[in-house]
Amino acid sequence: RMMRPSIGLVAVFVLSFPLIGCQPDSPGPGAPAPDGPPPADQVLMNGKILTVDADFSVAQAVAIQGDRIVAVGTDESLAAYVGDTTEVLDLEGRTVIPGLIDNHMHFIRAVQRWNLQARIDGINVRQDALDVIAAKAASMEPGDWLMVQGGWRENQFADQPGGFTLEELDAAAPENPLFLQVTYQTVYANTLALEAVGVSPEEGAQHRGPPMISGQPPYGLLNEQMPDVSDAQLEQNMFDFVRELNRAGLTSVYDVGRPPEGDITLVQEMNDREPLPVRVWHTLKYQAYDQDGADAAVELVRASTANSNNDYYGLLGLGEHVYLPFFDNPNTSEPYSDDIVSGFMKIATAAAEGGFHIHEHTMADVTVRSLLGPFEELNERIPLAPLRWSLAHVFTIEPESIERATDLGLTIAIHSVAMYGTPERQPPLRQIQDSGIVWGLGTDSTIVAHYQPFITLGWTVSGKSINGNQVIDEPVTREEALIAHTRSNAYLMFKEDDIGSLEVGKLADLVVLDQDYMTIPVDDIFGIESVLTMVGG
């Protein structure tokens with residue numbers, strides 16, 4: 001088992017290492033000199049702190065005042081920041097990294113039904129996954145609906161790949177209707193769930209396509225059975241999901257979903273009361289299905305302000321589907337029609353004029369090439385480099401496309417949804433890294449991929465899927481992958497002055513790890529978890 005199973009409820013942090021000097025009468029490691037710096041609120045000492053600065057330097061200690069870092073260095077040099085009221089945390093040699101950033105997540109969608117979910121993301125032992133489902137079912141009242149809203153694939157189990165049988169699901173949830181969604185094409189259900197929607201259990205647990213499962217909301221017959229969630233429960237779901245992301249080491253995410261996935265303004269409403277411990281920025285929420293929809297989107301873009309956000313939430317850019325007819329998949333092989341490209345560029349031009357970042361779903365190289373020509377033309381009038389537009393997914397991008405994108409000042413966003421595919425459908429990580437283009441990492445959670453960033457890091461560094469199969473011939477180094485999940489993502493999201501590395505002046509977003517990312521066997525990276533996640537101090 002690579003990840004401790006979670007059933008989507010509250011994950012509680014236990015701070016298992018000592019605090020020293022956190023009481024006013026404690027002598028601490030020493031009072032600051034009269035002419036020294038003011039005492040910090042917190043000092044973390046005796047650690048292996050991977051700053052992920054430009055030199056990838058390693059420090060022992062970090063001092064925090066308010067929500068920002070005021071000093072990074074050795075234990076000895078930071079002793080001057082310790083006063084009578086300073087909280088001092090002895091890291092006992094643990095490794096610390098900057099807070100991890102996911103540049104592509106469907107955040108608000110997970111919040112809608114988090115209380116009704118079991119999550120088997122990242123579990124590569126079949127029975128362990130069934131145990132998670134059974135534990136969640138046992139916590140519910142008989143007759144309550146239970147779901148696994150994606151985040152897993154049949155090929156993730158190293159011991160016994162494949163979907164679940166009706167017998168397995170009936171045994172895991174004998175008193176609860178249960179279904180498990182796999183992307184948007186497949187669903188598995190137990191007897192109670194099948195009978196509830198008028199399907200004979202004799203047809204088996206697995207069902208594909210409409211009406212059982214659909215790529216469009218409400219995602220099929222089984223999803224329609226899920227009960228409404230109260231406003232109070234929705235807020236509790238937000239807290240619980242955020243806590244789970246913290247446990248996984250995440251401190252910032254970019255929600256790139258569409259309006260049917262949920263009302264993103266809930267993030268603002270809750271943050272205005274008290275900041276959430278995950279920073280959630282998002283795209284402009286609209287759906288353009290045709291040329292009339294493109295015209296409406298242009299008006300919305302012109303009425304909106306790019307980068308209208310603060311440290312915790314707000315609008316960042318457009319995507320991941322600027323224009324819905326321009327929608328590809330890994331098998332896309334034909335260029336898009338002039339009509340579809342013109343609809344896309346109508347919106348993209350308005351975005352460029354308004355200073356908006358674009359993060360566009362481009363799995364296939366032919367999709368990338370359909371955009372590069374129009375982008376090059378637009379670039380002659382409006383320089384695109386300052387906008388940092390991102391090509392997202394890029395399962396099959398070619399060297400020439402990478403070079404043209406680099407020349408335009410574009411960026412690349414790579415997502416571990418690719419990990420579940422064949423070796424032929426893996427992003428060319430080494431070529432992208434060596435090209436010099438800025439690239440970052442994300443997941444595409446929460447339906448088509450897991451949410452845990454260390455699975456993503458394990459995939460990019462080992463070249464393996466979570467089932468142990470080699471899928472990438474030329475992976476990247478540990479340093480390159482960590483930069484992509486921190487400092488580079490901060491650049492993609494115009495937050496490089498505030499997050500992405502542990503440097504003086506930046507927000508104190510950091511993760512204390514249960515294992516040393518830099519020295520453990522590469523296959524163990526998948527299972528790293530946070531002992532302590534800190535957001536803004």
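**Cavity, pocket and a helix pair**

Colleague: Which residues line the largest cavity?
Modeller: G257, R258, L284, Y286, G319 and H321 line the largest cavity. A cavity is a set of 1 Å grid points where a 1.4 Å probe fits but cannot get out, and lining residues have an atom within 4 Å of a point. This is a predicted model, where local features need pLDDT of at least 70 and side-chain atom pairs 80 or more, while totals for chains, interfaces and linings use all residues. Residues are numbered from 1 along each chain, and side-chain values use heavy atoms, without hydrogens or water.

Colleague: How much space lies in that largest cavity?
Modeller: About 40 Å³. The whole structure has one cavity of 30 Å³ or more.

Colleague: And the lining by class?
Modeller: Two nonpolar, three polar and one charged residue, with Gly counted as polar and Tyr as nonpolar.

Colleague: What about the largest pocket, which residues lie nearest its centre?
Modeller: Y184, Q185, P330, M363 and V448, out of 36 lining residues. The largest pocket holds about 920 Å³, and its lining has 16 nonpolar, twelve polar and eight charged residues. A pocket is an open set with protein on both sides within 12 Å along at least five of seven lines.

Colleague: Switching topic, at what angle do helix 11 and helix 12 pack?
Modeller: About 30°, with the axes 10 Å apart; helix 11 covers residues 365-379 and helix 12 covers 399-408. That makes the two helices roughly parallel (under 35 degrees, on a scale from 0 to 180). Helices here are DSSP H or I runs of at least four residues.

Colleague: Which residues meet there?
Modeller: D365, V368, R369, L372, G373, F375, E376 and N379 in helix 11 meet S401, R404, A405 and L408 in helix 12 (heavy atoms within 4.5 Å). That contact has five nonpolar, three polar and four charged residues.

Terms used
Angles under 35 degrees count as roughly parallel, over 145 as roughly antiparallel, 65 to 115 as roughly perpendicular and the rest as oblique. Grid points are joined across faces, edges and corners, and a volume is the space filled by probe spheres set on the points.
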